[in-house]
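Take a walk through this structure, one piece at a time. Keep the sequence and the coordinates open while you read.

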Amino acid sequence: MQNTLAELKRGERAIIIDVSSIHIPLKLLEMGCLPGNLVELVQLAPFQDPMYLNINGTHLAIRKETAIHILIEKEV
Amino acid sequence: MSKQINVALIGNPNTGKTSVFNALTGLNQKVGNYPGITVEKKEGICKLPRGVKAHIIDLPGTYSLNASSLDENVVIELLLNKNDKDFPDIAVVVTDVENLKRNLLLFTQIKDLEIPTLLVINMADRMRYKGISLDIDYLEEHLQTKIALISTRKNEGIDNLKHLIANYKEVSVTPCINASDIDKEYFENLQKAFPNQLLYKLWLVITQDVNFGKTDRNEIEAVANFKTKSKADLKRLQQKETIKRYQFINNVLKHGQAIDVSQAKDLRSKLDRILTHKVWGYVIFFVILLTIFQAIYDWSSVPMDFIDNAFASLSEWTKNQLPEGAFTSLLAEGIIPGLGGIVIFIPQIAFLFLFISVLEESGYMSRVVFLMDRVMRRFGLSGKSVVPLISGTACAIPAIMATRNIESWKERLITILVTPFTTCSARLPVYLIIISLIIPEGRFLGLGYQALTLMLLYLIGFATAVLAAKILNNVLKIKSKTFFVVEMPNYKLPMIKNVALTVLEKTKSFVFGAGKIILAISIILWFLASYGPGDDFNNAETIIKTEYASQQLSEEEINQHIASYKLEHSYIGITGRAIEPAIRPLGYDWKIGIAIVSSFAAREVFVGTLATIYSVGNDDEATIKNRMAAEVNPILGGPLFNFASGISLLLFYAFAMQCMSTLAVVKKETNSWKWPTLQLFIMSGFAYIVALIAYQFLK
């Protein structure tokens, strides 16, 4: 099932399917946010935003408004 | 002939690049600026085997060669410009063993520039913890480089690194991958158009948004005009390039690196669960701040008293030892008290920098960014604004420069505009001396009243910054793309050497930077206070003696009357009394007025100025604080620094924009005079009104 990264719940993992290159800064891609890579939601900040992610071994935080432009497929 | 080897240290942020720099150079380092811009330039000298020396530049941390900020631009500019005197003979890419995959992206890009590139894998001491093992020979072969596996924490592998740098000619310059594969036709055309240039260099120039300063402009412009692709197409190609690089890196690491996850100890998630908790996270953050302010107050009181007394004695001693005259008086009444006014704050400033550098080194600061982003966004700021706002407690100048990593221009501009409200270390001298005069000692729940007042002033500073941001957010009509990416680095025990060097460097630059201004101002002030125009000043002795002739006064009292009469009719006294009507409603006399005026150069001048004004004509040995406490309000009687005027003064300093250097940096960072001008008038006007209300209400 395909979702956006913004819908991932705490502790869940998924595979990145597609990244909208217009909306996503190059910097995020360079940090490993690329199709095929594994992403895990480590922690949600208070008020549910930003999201603390582990993408491909890199730990980083992004806002939900960015996460909706990243398509994922959840691990079953 | 001994030639220096030029070495450029390059790496992602949080890889311990600066630790490597410190390990190589020790105290042989200096910090300056790149010409024309406010980016910090760190360079140093390292002695290599056989008497060879290396000149090492610690370049700003960057994730790739695609610059998105001024700092990152510095890296590319240097690597693309063979004529730069700092152009590296060898590039040393520093990586963190735990983030090797991501760190290698930058490495492969630099390799494509065909510069000899050495790979440093740092934090080797963490390998066992994380169950990581590396096949160095395999990695060296496939990455076409030499590898130095080091641990700056354990001081291991540094000699080997020096050895490899000394033999830089043996390091391969063959690229790892062929980036032009991503669009063969396009790259062929590009090469045809510019046959003498390195293809990857051309590609970098085309895709950068940034300006190239030092590189040959004509050439760069010609390349940049090679527009056969739209911006969106170029970005798609960059994405393709990034994927291609990661494919290569993944392949190499599949064989060259093994990670046994069962061995990994996960301190990070345990700490994160507490430190980013929705309740405890904030509680801990607040407790940390509280502890810092209490510590700044408690730990530094002893050395401060010592310094204060030492300067008072030094001034007295100078007067007694040197023959009487203008020079002695300049030294004892102008320069020494003026310098004392800055040296006294070294302990506190050093402690402040100590705490800030520990928070940053440990990785905690990123958690605060994460925790605060949602809250800060309501005020038009970013979670990343927290770092400038906190480091603004040291100095607004580096804080404003630290806003560069805020991606959205609107959020960044608002942060720049409100950062000067946070209580910088230059306000500390003013606060401390006034608090010690008007707030009684004593404790509440183990915290001193004086420390609590100080904490309150810091909170007022933050609160004003945040509220001003909210207003600006509603007023400013700027549309800019917002996005937010922050790396959450591993928790690390701060390295003593790094912290010590930071504290030393920052304190030194504070003291020398401020010291120069203070020295100049105290000489000018001494002159203005020691000389005056007309008969009133020159005949002070006769005037006073006639006036008090009927009263039986001791010689000492007469002398005091003469001194204060002289001061009142000196140049400074005349100026001071001219501005007195404007500041009297705030509860100040003309001497404070002079101190405030000179504070517009830099706030910390306030105490030095008062010290100089009060010393002129005063013979007794007294500390600055005692002299201020002894001042009497000329109109109302009673101490001049009482509760009402003290609070008014504290609030004035909390809000007024009194720092030329900050205004200059704001001008540079916003590239316009509009913003610093607005800051100066709005902040200072607001300060005046608040101080006025406070005094009128409390008196």
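Which residues of α20(B) are buried? They are Gln450(B), Ala451(B), Leu454(B), Leu457(B), Tyr458(B), Gly461(B), Ala465(B), Val466(B), Ala468(B) and Ala469(B). Bear in mind that the model is predicted.

The helix itself, α20 of chain B, covers residues 449–475. It has 27 residues. From its first C-alpha to its last it reaches 38 Å, close to the 39 Å expected at 1.5 Å a residue.

One partner of this helix is α18(B). The two pack at an angle of about 140°, with their axes 9 Å apart. The crossing of α18(B) and α20(B) is right-handed. On the α18(B) side, Ile414(B), Leu417(B) and Val418(B) make the contact. On the α20(B) side, the contact is made by Ala465(B), Ala468(B), Ala469(B), Leu472(B) and Asn473(B). By class, this contact of α18(B) with α20(B) holds seven nonpolar residues, one polar residue and no charged ones. Among these contact residues of α20(B) are Ala465(B), Ala468(B) and Ala469(B), and they are also listed as buried.

Now follow α18(B) to another helix. The buried residues of α31(B) pack against α18 (409–418), α29 (643–655) and α30 (660–670) of chain B. Those buried residues are Pro676(B), Gln679(B), Leu680(B), Met683(B), Ala687(B), Ala691(B), Ala694(B) and Tyr695(B).

Step back to the whole of chain B. Its secondary structure comes to 31 helices and 12 strands. Its C-alpha atoms fill a box of roughly 105 × 60 × 50 Å, taken along the principal axes. Of its 699 residues, 45% count as buried. Take the contacts in chain B between residues at least 6 apart in sequence: 75% of them join residues at least 24 apart.

Helix α23 covers residues 540–547 of chain B, and helix α24 covers residues 555–568. Their axes come within 9 Å and cross at roughly 130°. That makes α23(B) oblique to α24(B). The crossing of α23(B) and α24(B) is right-handed. Which residues meet in α23(B) and α24(B)? From α23(B) come Ala540(B), Glu541(B), Ile543(B), Ile544(B) and Lys545(B). From α24(B) come Ile558(B), His561(B), Ile562(B), Tyr565(B) and Lys566(B). The residues of this contact divide into six nonpolar, one polar and three charged.

The loop between α23 and α24 of chain B holds Ala549(B). Is Ala549(B) buried or exposed? It is exposed, because 9 other C-beta atoms lie within 10 Å, and 12 or fewer is the cut-off for that class. Ala549(B) and Ile182(B) are 367 residues apart in sequence, and their C-alpha atoms lie 98 Å apart in space.

Next comes the contact between the chains. It takes 28 residues from chain A and 29 residues from chain B. Which elements give two or more residues to the side of chain A that touches chain B? They are α1 (26–30), β3 (38–44) and β5 (58–62) of chain A. By class, that side of chain A has 16 nonpolar, eight polar and four charged residues.

Some backbone details remain. In chain A, the peptide bond from Asp49(A) to Pro50(A) is cis, with omega near -5°. Pro50(A) lies in the loop between β3 and β4 (51–55) of chain A. The loop between β4 and β5 of chain A holds Asn56(A). Phi of Asn56(A) is near 55°, a positive value in a residue other than glycine. Asn56(A) counts as partly exposed, with 19 C-beta neighbours inside 10 Å.

Chain B has a positive phi to look at too: that of Asn14(B) is near 65°, again in a residue other than glycine. Asn14(B) is found in the loop between β1 (5–11) and α1 (17–25) of chain B. With 19 C-beta neighbours inside 10 Å, Asn14(B) counts as partly exposed.

Terms used:
Residues are numbered from 1 along each chain as its sequence is written. Chains are lettered from A and ligands numbered from 1 in the order in which they are written. This is a predicted model: local features need pLDDT of at least 70, side-chain atom pairs count only at pLDDT 80 or more; totals for chains, interfaces and linings use all residues. Axes are lines fitted to C-alpha atoms, for helices over the stretch in contact, and angles run from 0 to 180 degrees between N-to-C directions. Helices (H or I, at least four residues) and strands (E, at least two) are DSSP runs, numbered from the N terminus. Angles under 35 degrees count as roughly parallel, over 145 as roughly antiparallel, 65 to 115 as roughly perpendicular and the rest as oblique. A crossing is left-handed if the near helix is turned anticlockwise from the far one by less than a right angle, and right-handed if clockwise. Two residues are in contact if their C-beta atoms, placed from the backbone, lie within 7 Å. Ala, Val, Leu, Ile, Met, Phe, Trp, Tyr, Cys and Pro count as nonpolar, Asp, Glu, Lys and Arg as charged, and the others, Gly among them, as polar. A residue is buried if 20 or more other C-beta atoms lie within 10 Å of its own, exposed if 12 or fewer, and partly exposed in between; C-beta atoms are placed from the backbone. The expected span of a helix is 1.5 Å times one less than its number of residues.
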